[in-house]
Amino acid sequence: MSEYQRFFSYIYAYENGQKKTNVGFAKIQIKGASSSIELHMRSISFTNTSAELYLVIRNDHHLDGLLLGEIPFVNGGTDRRFSWNNNDSSQMIPDITTAAGIAIVSDGKLSFLSQWDEATIDWNTFQPVSQAPDGKESADDFSETVSPSLPADDNQAADNSVEKTIHSAELNLSRDLSVNSSYHQEMFATWQETWEYLLANYPVLHPFSDESIRCVRMELKDLRRLPASNWHLCNNSFLLHSFLTYRHLIIGEIPRAKDHHWFVGIPGIQYRQEHVMAAVFGFMDFFPDKDSSSSENPFGYWYRPMDEED
């Protein structure tokens, strides 16, 4: 099998010489002779309609910027891919894994940045050093929902297969929820009633060190048991991908929580790259399983609070 690498890196706003809030992520991929960078940025206070993307290379005490191309922005967001052939010497692009990260420049100023190496970095030393190579910018715009990463040894056929399976699961679950909507709204008028039903009808677990956190183990189809304000989860690609891998999810209760008592958790491993994807799809936090909490990369559950309006 040809060489295949994929990893993710946060993108941050850069203002007045300081790194600010997270505004999205970049997906970096190497497959055989091809390399690509996908940019996915949302809900940012950026009024310009374009910016320039640079690959950042360390050069002694400076950061050199190799221009890859122009990024179009619409309403402060963008979904764009840049790709090139590693074997084409005319493009003059170094090995992407040796780069420090990427920089996005607008009106001559560094506006956004992303670092994927581990060394200390001083973004104030960044300087563009070249014009754009002959690399091609993809003409394809990506949809708002981005499929989570696959294991590093998956090939394109596997990638397409998983995306098709996720899409099929979304359609089936959406259809099921639509058909049964009135029935389930009458059955569970409040979250407390829903929770009591789940405790009585699904396996109860205590997977975390905090034994006061009770959970129930569910399947994808059981999302229709939740109040209607949470049915949008059937369209969450990160949740669907995790379920297709681990074949279960959990609904849990944190008794001492002030605002949100209930949460949905999906299995995963606490890697930095997976944290990026989890956060993009709303799963901002992680509970390590009590049996692997001491591990450097523990197994556990990415989780997000439930909408308790119903």
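Trainee: I'd like to start with one side chain. Which is F238, buried or exposed?

Mentor: Residues under 20% relative accessible area count as buried. F238 has a relative accessible area of 5%, so F238 is buried. Keep in mind as we go that this is a predicted model.

Trainee: How many aromatic pairs does the structure hold?

Mentor: There are 16 aromatic pairs in the structure. One of them is W191 with W262: the ring centres are 5.2 Å apart and the planes meet at 15 degrees, so this pair is stacked.

Trainee: Where in the fold do W191 and W262 lie?

Mentor: W191 belongs to helix α2 (residues 191–201) and W262 to strand β14 (residues 262–269), so their pairing ties together parts that are 71 residues apart in sequence. W191 counts as buried, at 3% relative accessibility, and W262 counts as buried too, at 7%.

Trainee: Now back to our two phenylalanines. What kind of pair do F238 and F281 form?

Mentor: F238 and F281 form a stacked aromatic pair, with 6.2 Å from centre to centre and 10 degrees between the planes. This pair links distant parts of the chain, 43 residues apart: F238 sits in helix α3 (residues 237–246), and F281 in the loop between α4 (272–280) and β15 (285–288).

Trainee: Which residues do ring pairs link into a cluster?

Mentor: The cluster joined by ring pairs consists of F208, Y246, F263, F287, F299, Y301 and Y303.

Trainee: Which residue lies over the face of Y12?

Mentor: That is K19, at 4.5 Å from the ring centre of Y12. In another case, R304 lies over the face of F283, at 5.6 Å from the ring centre.

Trainee: Let's finish with a charged residue. Where is D64 found, and what is its nearest side chain of opposite charge?

Mentor: D64 is in strand β5 (residues 62–72). D64 is buried yet has no salt bridge, and the nearest side chain of opposite charge, R58, is 11 Å away. A salt bridge needs the charged atoms within 4 Å.

Trainee: Which side chain does D64 join by a polar contact?

Mentor: The side chain of N59, at 2.8 Å. Leaving aside neighbours within four places in sequence, D64 is in contact with several residues, among them L55, V56, F126 and V129.

How values were computed. Residues are numbered from 1 along each chain as its sequence is written. This is a predicted model: local features need pLDDT of at least 70, side-chain atom pairs count only at pLDDT 80 or more; totals for chains, interfaces and linings use all residues. Side-chain values use heavy atoms; hydrogens and water are left out. Rings of Phe, Tyr and Trp (its six-membered ring) pair if their centres lie within 6.5 Å; planes under 30 degrees apart count as stacked, over 60 as edge-to-face and the rest as tilted. Helices (H or I, at least four residues) and strands (E, at least two) are DSSP runs, numbered from the N terminus. Buried means under 20% relative accessible area, exposed over 50%, partly exposed in between (1.4 Å probe, protein chains only). A charge sits over a ring if NZ of Lys or CZ of Arg is within 6 Å of the ring centre and within 35 degrees of the ring normal. Lys and Arg count as positive and Asp and Glu as negative; His and the chain ends are not counted. A polar contact is a pair of N or O atoms within 3.5 Å; within protein, one must be able to donate a hydrogen and the other to accept it, and residues adjacent in sequence count only if both atoms are side-chain atoms. Contact means heavy atoms within 4.5 Å.
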